[in-house]
Amino acid sequence: MQQTTNTILMVRPVSFRMNEQTAVNNYYQQSLKNMLPAAINANAQQEFDTFVDKLQQNGIKVIVVEDTKEPDTPDALFPNNWISFHENGDVAIYPMFAENRRLERREDVLELIEKEGFKIENCVDYTEAEEEQIFLEGTGSMILDRQNRKAYCAISPRAEEELFIEFCEDFEYTPIIFTANQTVQESREAIYHTNVMMCIAETFAVICLSAIDDKKERKNVVKNLKSDGKEVIDITEKQVQQFAGNMLQVIGKDGDNFLIMSTSAYNSLTPIQLQKIEKHSKIIHSDLTTIETCGGGSARCMMAEVFLPKA
C-alpha cells in the first residue's frame with residue numbers, strides 16, 4: 001500500500017465565492033466585501049491555474065475537470081470532500097453537510113477518470129445518510145494512513161462517528177477517533193474538517209496537538225503515529241488558521257516526494273518546522289489567498305488523490 005500517489009483530480013472553479021451554507025461551521029471563511037463576485041472568481045481561477053502549473057512542472061499528474069455554471073456549486077474546487085479513490089478499484093461517494101455542495105457530485109468525473117486509463121471496480125455510496133442529517137466529508141473529515149490501514153477522524157458536524165466506523169469496516173481501516181477544537185470568540189468549537197489540523201505523509205505527520213483538548217485522545221493519536229514510525233511535527237492553532245495543517249504529500253518527477261501547501265501555510269512555519277519537513281520531503285507552495293479567505297479551505301482540500309489501478 002502506498003501512502004502517496006503521483007495523480008490527483010482537481011476541479012477548476014467557474015462560480016467560486018464564499019458559500020453561505022458552509023460558513024455556519026467553517027470559521028475560516030470570510031467575505032471579501034470590497035470585491036465584486038466576478039473579480040473573486042477570476043482571482044480564484046488565477047490561483048488555481050498557477051497552482052496546477054507548479055504541480056505539473058514538478059512532474060505531478062493533474063487531471064483537471066472544469067466546473068459547470070449550472071448547478072451553482074461555489075465550493076466545487078474542493079473535490080476531496082465528495083469522492084475518494086482506492087487501490088483496489090473502489091470509489092467512495094460521501095454525504096455532504098451543505099445542500100449546495102451535494103450538487104458537486106458528478107457521474108462524468110468518474111467517466112473522465114476512466115478515460116485517463118484508470119479502472120473503477122466498484123462504487124461505495126454513503127450519500128443516503130444525508131436523509132438522516134448524517135455526514136462524512138471524505139478525506140476532509142478523515143485522514144487516511146493507507147500504509148498502516150489507520151484512519152484518523154476528528155468528530156464534528158461534518159464527520160459522524162458511526163458512519164466513519166462503517167467506512168473503516170468497509171475499507172479495512174482501524175478507526176482513530178478524537179475531537180479537535182479551535183477557539184472562536186473565547187469558546188472552543190469543533191474544527192470542521194480533520195484535514196485542517198492534520199496531515200499524514202509517508203514518514204512524518206504534521207498536526208496541531210493543542211487542538212485535541214482531551215489528553216487521553218491526544219496521547220492515543222501521538223502513540224499511533226509514533227508506533228508507525230512517523231516523526232510528529234506539531235503546529236500551533238495560529239498556524240492552523242494559516243492552513244499549515246492543510247497539506248498533502250504527493251509523488252513528483254524522479255519519484256521524489258513533495259509536500260504541497262499554500263504560501264500562507266509555508267510562511268507561517270518556523271525555520272525549525274521547515275527543516276524537519278525538508279528532511280523528509282521537498283516542499284511546493286502556491287498563493288491561494290482568495291480561495292482560502294472565501295472558501296475556508298486550502299491546498300489539501302483542492303486535491304483528490306487517485307489511487308486506482310490502471311485499466
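In the predicted model, the lining of the second largest pocket comprises 4 nonpolar and 6 charged residues, with no polar residue among them.

The loop between β5 (122-125) and α4 (138-141) contains Gln 133, a residue that has a positive phi of about 60° although it is not a glycine. Gln 133 counts as exposed because its relative accessibility is 56%, above the 50% cut-off. The peptide bond from Glu 70 to Pro 71 is cis, with omega near -10°, and Pro 71 belongs to the loop between β2 (61-66) and β3 (83-85). Most residues other than glycine have a negative phi, and most peptide bonds are trans.

The largest nonpolar core holds 38 residues, of which Tyr 152, Phe 178, Met 197, Met 198 and Val 221 touch the most other members. Two or more residues each are given to this core by the strands β7 (150-154), β8 (174-178), β11 (198-200), β12 (204-207), β13 (231-234) and β15 (257-262), and by the helices α6 (215-227) and α9 (271-280). The greatest contribution is that of β12, with 4 residues. When residues up to four places away in sequence are not counted, Val 221 touches Tyr 152, Ile 176, Phe 178, Met 198, Ile 207 and Ile 212. Apart from this core lies another, of 25 residues, among them Phe 16, Ile 60, Leu 77 and Met 302. In soluble globular proteins, nonpolar side chains tend to be buried together.

At the level of the whole protein chain, the secondary structure comes to 10 helices and 17 strands. The radius of gyration is 18 Å, close to the 19 Å that the globule rule gives for 311 residues, so the chain is as compact as a globular protein of that length. Along its principal axes, the C-alpha trace spans about 50 × 45 × 45 Å. Of the 311 residues, 58% count as buried, and among contacts with a separation of 6 or more, 75% are accounted for by residues 24 or more positions apart.

Technical notes
Residues numbered from 1 in each chain as written. Predicted model: local features only at pLDDT ≥ 70, side-chain atom pairs only at ≥ 80, totals over all residues. Heavy atoms only, no water. Nonpolar A, V, L, I, M, F, W, Y, C, P; charged D, E, K, R; others polar. Core = buried A, V, L, I, M, F, W, Y, C linked by side-chain atoms within 4.5 Å. Buried < 20%, exposed > 50% of the residue type's maximum accessible area, 1.4 Å probe, protein only. Contact = heavy atoms within 4.5 Å. Rg over C-alpha atoms; globule rule 2.2 N^0.38 Å.
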